[in-house]
Amino acid sequence: SFVRPKKGSVYLNVSVPYGNFYEFAPKNHHKISKGGFLGISLGIDYYHSPKQFLNLSYNSITDFLAPVPAPIDYEDVDAETFLWSNYLSLSNNHRLNRFTLGYGFSFATNHYNLPNADPEKHYAIGNIFSAYYQFGKWFHFGVIYRPTYYRPQLVDKFHYEHAISIDFMW
């Protein structure tokens, strides 16, 4: 069984974006495609009808090397590139029995630490699309696709980047 929300219901959610895949284009550098593990997300859902809700979420995703939190000696990986992203999203979502499909907008801060360079970041504005399947009463499994198109502080302002996450949500 699963919860069937009523109009006006508000729910808090916590999720773990477990697998994350990136394609970023740092300034003065070629595109970087990379994957990794772990992240955290906190959100709030407001049901404006029994089958539709607005979601406001804050997410932080990483490309951690190990699939579980573990000590890693980063001195041995000097030539490694590290990527992570923090983003705020607002989406409208449709419930179809156990499936939830969403679309909306996102504002991201994309961080990167390139080999032999200082850590840098840039802001990016774009969309967010999600698809979830509900297992049991509160557990959801899904995929989040977050393309961005506009980077206001960079010279090359209009440029496609994306992050894709495999997400476990409660």
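Tutor: Start with burial. In this predicted model, 45% of the 170 residues of the protein chain count as buried.

Next, the elements. The protein chain has eight strands and zero helices. Read from the N terminus, the order is β-β-β-β-β-β-β-β. The radius of gyration is 17 Å, close to the 15 Å that the globule rule gives for 170 residues, so the protein chain is as compact as a globular protein of that length.

Now the part itself. The eight strands close into a barrel. Their order around it is β1-β2-β3-β4-β5-β6-β7-β8, and the pairing is antiparallel. From one strand to the next, the twist averages 25 degrees.

Look at where β1 meets β8. Strand β1 covers residues 10–24, and strand β8 covers residues 158–169. These two strands pair in the antiparallel sense, over eight bridges.

Step back to the contacts.

Finish with the outline and the surface. The C-alpha trace spans about 55 × 35 × 20 Å along its principal axes. The accessible surface of the protein chain comes to about 9,300 Å². Carbon and sulfur atoms hold 65% of that surface.

Definitions and conventions:
Residues numbered from 1 in each chain as written. Predicted model: local features only at pLDDT ≥ 70, side-chain atom pairs only at ≥ 80, totals over all residues. Heavy atoms only, no water. Pairing = 2+ DSSP bridges. Helix = DSSP H or I, 4+ residues; strand = E, 2+ residues; numbered from the N terminus. Axes fitted to C-alpha atoms, helices over the stretch in contact; angles between N-to-C directions. Rg over C-alpha atoms; globule rule 2.2 N^0.38 Å. Buried < 20%, exposed > 50% of the residue type's maximum accessible area, 1.4 Å probe, protein only. Areas by Shrake-Rupley, 256 points an atom, 1.4 Å probe, with all protein chains shown as cover.
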